[in-house]
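Thanks for coming. I have one model to go through today, and I will take it piece by piece.

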Amino acid sequence: MEYKKYFFRGWIDGDGCFYQHKHMRQFVIAGSYEQDWTAFENLCKKLSINFTLSRKLSKNGNSSIIRFGGRESICKLHNYVYSNFINDKIGLTRKYEKSLKCFN
């Protein structure tokens with residue numbers, strides 16, 4: 001499990017989004033309609049994060065997303081995925097900084 005955080009960090013760097021507007025905080029990760037979300041669902045369950053999974057069919061393309069909000073949930077994800085980020089410097093600094101803003 002020690003190295004799985006790097007897999008999730010890379011996935012978040014590529015397809016994840018931390019968002020804050022006024023008092024609303026949210027994390028979204030997107031994929032194709034057929035995306036197998038089992039690994040991310042299991043991570044959320046392990047971290048006790050309640051999430052929603054939705055799939056959308058449209059004429060412009062098909063997609064699916066996992067979404068959750070709240071300071072506590074984002075902190076849990078941040079603390080797992082970005083533990084030791086300052087020392088290892090693996091991943092996008094801007095994603096790390098955006099996740100920090102979502103729970104300050």
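Predicted model: local features only at pLDDT ≥ 70, side-chain atom pairs only at ≥ 80, totals over all residues.

β1 and β2 are paired in the antiparallel sense over six bridges. Two strands count as paired if DSSP finds at least two bridges between them.

Residues are numbered from 1 along each chain as its sequence is written, and side-chain values use heavy atoms, with hydrogens and water left out.

Back to the hairpin. Two residues lie between strands β1 and β2, and lysine 22 takes a positive phi near 55 degrees there. Lysine 22 is a residue other than glycine, in the loop between β1 and β2. Is lysine 22 buried or exposed? Lysine 22 counts as exposed, at 67% relative accessibility. The cut-offs are under 20% relative accessible area for buried, over 50% for exposed, and partly exposed in between, with a 1.4 Å probe and protein chains only.

Now the sheet. It is an open sheet of four strands in the order β1-β2-β4-β3, with antiparallel pairing. β1 and β3, residues 52-56, stand at the edges with a single partner strand each, so one side of each has no neighbour in the sheet. On average, neighbouring strands are turned by 25 degrees against each other, direction ignored. Axes are lines fitted to C-alpha atoms, for helices over the stretch in contact, and angles run from 0 to 180 degrees between N-to-C directions.

Further into the sheet, β2 and β4 pair in the antiparallel sense over seven bridges. Serine 32 stands opposite serine 63 in β4. Glutamate 34 lies in the loop between β2 and α2. Glutamate 34 counts as exposed, at 61% relative accessibility.

Next, α2. This helix lies across β2, β3 and β4 and runs at about 10 degrees to β4. Which residues of α2 are buried? They are Phe40, Glu41, Leu43 and Cys44. These residues cover an arc of only 160 degrees around the axis, which puts them on the same side of α2; the arc is that of the directions from the helix axis to the C-beta atoms. Their cover includes α1, β2, β3, β4 and α3, where contact means heavy atoms within 4.5 Å. After α2 comes serine 48, with a positive phi near 60 degrees.

On to α3, residues 71-81. The buried residues of α3 are Ser73, Ile74, Cys75, Leu77, His78, Tyr80 and Val81. They pack against α1, β1, β2, α2, β4 and α5. To take one of them, serine 73 counts as buried at 13% relative accessibility. Leaving out residues up to four places away in sequence, serine 73 touches Ile49 and Phe68.

How do α1 and α3 meet, and at what angle? The two helices pack at about 120 degrees, with their axes 9 Å apart. That makes α1 oblique to α3; angles under 35 degrees count as roughly parallel, over 145 as roughly antiparallel, 65 to 115 as roughly perpendicular, and the rest as oblique. The contact is made by Lys4, Lys5, Phe8, Arg9 and Ile12 of α1 and by Leu77, Tyr80 and Val81 of α3.

In the loop between α3 and α4 is asparagine 84. Phi of asparagine 84 is positive, near 70 degrees, again in a residue other than glycine. Asparagine 84 is partly exposed, with a relative accessible area of 40%.

Last, the cysteines. With a disulfide taken as a pair of cysteine sulfur atoms within 2.5 Å, the count comes to zero. Cysteine 44 is in no disulfide, and the nearest cysteine sulfur, that of cysteine 75, is 14 Å away. Cysteine 44 is buried, with a relative accessible area of 1%, whereas cysteine 17 counts as partly exposed at 34%.
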